[in-house]
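Here's a quick tour for anyone meeting this protein for the first time. Have a look at the model, then read on.

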Amino acid sequence: MSLATENTAAFNPAASVRSDWTREEVRALFALPFPDLIFQAQTVHRANFDPTEVQISTLLSIKTGGCPEDCAYCPQAARYDTGVKAEKLMSLDAVLTEARAAKAGGASRFCMGAAWREPKDRDLDQVCKMVEGVKALGMETCVTLGMLNGGQAARLKKSGLDYYNHNLDTSPEYYGDIITTRTYQDRLDTLGHVRDAGIHVCCGGIVGMGEGLEDRVGMIATLAGLPVHPESVPINMLVQVEGTPLSDVQKLDPLDFVRTIAVARITMPRSMVRLSAGREDMSEETQALCFLAGANSIFYGPKLLTTPNPERDRDMQLIDKLGMTQMDLPPRD
Ligand code: SAM
Ligand code: DTB
Ligand code: SF4
């Protein structure tokens, strides 16, 4: 019997959502021959989603730079000389102007990011007003503001927030090589507060940070081991920014990025898997493979937070060329 037959015989795409994935199982998925991995990912994707649909969100950095944390990948950390200027929190009006433009551009969700370790209460009041304003435009809302306590998560929920983005970034083992100013457990605690407040969780990580295969296994196993899977799982390819400690790290083979997407899709079958940062330097072919591997959302618009993303026209042409269409709203809502 060929390997392919063995692998597919044991595989049940209709299996229920599981939070008991072992590292061995996740490792075995990464080790599958590429055609078998993509076949499984496609099958799971088609059992849960329309594979021709892609959800699009637009990002805005509402508070840029000057961050006290030491995340080795991040152009916004004050301690690295990256040329990103520290700015104050944007005004409500300016944010709503950007949100209107994002809506006119076709985005269904507006994601606001702040370069904070955690929000101060005064700043959170302001962000809650932004969430209310963006919701009133008829868009879904997402914010990423750093660590939260339970009270802060409850306040955001009250303002109507739909999603909170907080990434695990990598495996528990590699984490200490990337960030020392907060722990993995701090991140899990924040995710717990967001979940308890009834806000949808957006949580994923970054690959191409010099991690090993076992770290990609550990990251996906941790995400898929959460008691409730994140509704949205962003998989970022590191954007290498001059001045950060990771600016010269060895680039990851794009096929290993595709594999990470596929394993996320298989282990978290009902989650939206987002092909996130790194598309600016990705070929159309790699992006197409990511969609085949089960990615069904992207960030849309010429800027991520501080770094470039493909121009809108280019993305629309690609979506069109692939015969795909934009998902109006994610199916769970
Ligand atoms: N300060 C908040 C925090 O860290 O939670 C929110 C903003 S932070 C920029 C959001 C996420 O962006 C990070 O967790 C990281 O996963 C991602 N990110 C930052 N810089 C990146 C880079 N150069 N390449 C890829 N992803 C990056
Ligand atoms: C996520 O996982 N990726 C986005 C969003 N969540 C906030 C951010 C990517 C940032 C890339 C580097 C930059 O533009 O500063
Ligand atoms: Fe600060 Fe967030 Fe960047 Fe880390 S990822 S340095 S917390 S802005």
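This is a predicted model: local features need pLDDT of at least 70, side-chain atom pairs count only at pLDDT 80 or more; totals for chains, interfaces and linings use all residues.

## Surface and charge

The average pLDDT of the protein is 94, and 94% of the residues score at least 70.

One stretch calls for some care: over residues 1–9, pLDDT stays under 50. For those residues the model has 9 contacts beyond four places in sequence.

## The overall build

What is the protein made of, in terms of helices and strands? There are 12 helices and 10 strands. The radius of gyration is 19 Å, close to the 20 Å that the globule rule gives for 333 residues, so the protein is as compact as a globular protein of that length. Along the principal axes, the C-alpha atoms fill a box of roughly 65 × 40 × 35 Å.

Now for the inside. Of the 333 residues, 56% are buried. Take the contacts with a separation of 6 or more: residues 24 or more positions apart account for 75% of them.

## Two loop residues

Is L145 buried or exposed? L145 has a relative accessible area of 0%, so it counts as buried. You'll find L145 in the loop between β3 (140–144) and α6 (150–158). Leaving aside neighbours within four places in sequence, L145 is in contact with A114, W116, R117, E118, P119, L124, V127, L156 and Y164. As for K120, this residue is 25 residues away from L145 along the chain, and their C-alpha atoms are separated by 10.0 Å.

D169 sits in another loop, the one between β4 (163–165) and α7 (172–178). D169 is buried as well, with a relative accessible area of 3%. There's a backbone detail to check here too: phi of D169 is near 75°, a positive value in a residue other than glycine.

Helix α6 is where K157 is found. With a relative accessible area of 37%, K157 is partly exposed. Which residues does K157 touch, not counting those up to four places away in sequence? They are A197, G198 and I199. Looking at G198 in particular, K157 and G198 are 41 residues apart in sequence and 7.0 Å apart in space, C-alpha to C-alpha.

F257 belongs to helix α10, which covers residues 254–267. Its relative accessibility is 0%, so F257 counts as buried. Setting aside neighbours within four places in sequence, the contacts of F257 are V207, I235, N236, M237, L252, L275, M282 and C290. One of these, I235, is 22 residues from F257 in sequence, and the two are 8.5 Å apart in space, C-alpha to C-alpha.

Among the residues visited here, L145 is buried in a loop and F257 is buried in helix α10, while K157 is partly exposed. When you go back to the model, read residues 1–9 with the pLDDT of under 50 in mind.

Note on methods
Residues are numbered from 1 along each chain as its sequence is written. Chains are lettered from A and ligands numbered from 1 in the order in which they are written. Side-chain values use heavy atoms; hydrogens and water are left out. Helices (H or I, at least four residues) and strands (E, at least two) are DSSP runs, numbered from the N terminus. The radius of gyration is taken over C-alpha atoms; the globule rule is 2.2 Å times the number of residues to the power 0.38. Buried means under 20% relative accessible area, exposed over 50%, partly exposed in between (1.4 Å probe, protein chains only). Contact means heavy atoms within 4.5 Å. pLDDT is the predictor's confidence in each residue, from 0 to 100.
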